[in-house]
Amino acid sequence: EASSNMPCLTSLNMSDNNIGGDNKRSLFSGLGSCTALRSLLLSSNSLDDADATSLATDLLQNNQSLTALDLSQNEIGDEGAMKLARVLRASSALRDFNLMENDVHDVGALAIAEAVAACSSLTSLNLSGNDFGDESKRVVLACKSATLAVVEADECAPVAFDTNGPAGWQDK
């Protein structure tokens, strides 16, 4: 509810906060009015498919200024990945998308890969640490293009290092 009074909010880092139940729903709903939001970091919050769907519906569908979205180390599976893929397909601003270490399998990975083809603004995609097969990894890695310079899809070191990415997305 408090975020509904913050249309000029440009960056929010709620990583590692264990946001629970109604607090998540209120946050996602309130963020819908933050039309200037450019960076949203929500890693390590036990977000699941329902949360990804809510986030896609409440925020991402109406926000065309978001350039960085970090949903890493959550519990988002194929259903959530497919909802996020629909929004990704329509995005004209998103540059960095991190869905590392979730519960994405082949169906979700392929939906994201298909959406990436329509999202010309994306420069960095991280799907590493998910549970999809070698063929899906090949398809995801094949998304690398002139604009999409960084694609990560396995447990290995990054294919490339994007120094322009959000703070915290650094090679270890």
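Glu 75, Asp 103, Asp 106 and Asp 131 gather in a patch of negative charge on the surface. Patch members have over 30% relative accessible area and no salt bridge, with like charges joined within 9 Å. Asp and Glu count as negative, and a charge is placed at CG of Asp or CD of Glu. This is a predicted model: local features need pLDDT of at least 70, side-chain atom pairs count only at pLDDT 80 or more, and totals for chains, interfaces and linings use all residues. Residues are numbered from 1 along each chain as its sequence is written, and side-chain values use heavy atoms, leaving out hydrogens and water.

**Overall build**
- The protein has five helices and six strands. Both are DSSP runs numbered from the N terminus (helices H or I, at least four residues; strands E, at least two).
- Along the sequence the pattern reads β-α-β-α-β-α-β-α-β-α-β.
- Of the 172 residues, 48% count as buried. Buried means under 20% relative accessible area, exposed over 50%, and partly exposed in between (1.4 Å probe, protein chains only).

**A patch member**
- Asp 106 sits in helix α4 (residues 106-116).
- Asp 106 is partly exposed, because its relative accessibility is 34%.

**Buried positions**
- Phe 97 lies in strand β4 (residues 96-98) and is buried at 2% relative accessibility.
- Asn 126 belongs to strand β5 (residues 124-126) and is buried at 8%.
- From Asn 126 to Val 150, the C-alpha separation is 7.8 Å.
- Asn 74 occupies the loop between β3 (68-70) and α3 (78-90) and is buried at 7%.
- The Asn 74 side chain reaches the backbone nitrogen of Leu 47 at 2.9 Å.

**Salt bridges**
- The structure holds five salt bridges, each a side-chain nitrogen of Lys or Arg within 4 Å of a carboxyl oxygen of Asp or Glu.
- Asp 51 and Arg 25 pair at 2.6 Å, N to O. This pair links distant parts of the chain, with Asp 51 in helix α2 (residues 49-60) and Arg 25 in helix α1 (residues 21-31).
- Asp 51 is buried at 1%, whereas Arg 25 is partly exposed at 39%.
- Arg 95 bridges to Asp 96, with closest N and O atoms 3.9 Å apart. Arg 95 is partly exposed at 32%; Asp 96 is buried at 1%.
- Arg 138 bridges to Glu 135 at 3.1 Å. The two are three residues apart in helix α5 (residues 134-141), so about one helical turn separates them.
- Shared partners join Lys 24, Arg 25 and Asp 51 into one salt-bridge network.

Methods: Patches are made of residues with over 30% relative accessible area and no salt bridge: like charges are joined within 9 Å, nonpolar side chains (Val, Leu, Ile, Met, Phe, Trp, Tyr) within 5 Å. Accessible areas come from the Shrake-Rupley method with a 1.4 Å probe; for residues, only the protein chains shown count as cover. A polar contact is a pair of N or O atoms within 3.5 Å; within protein, one must be able to donate a hydrogen and the other to accept it, and residues adjacent in sequence count only if both atoms are side-chain atoms.
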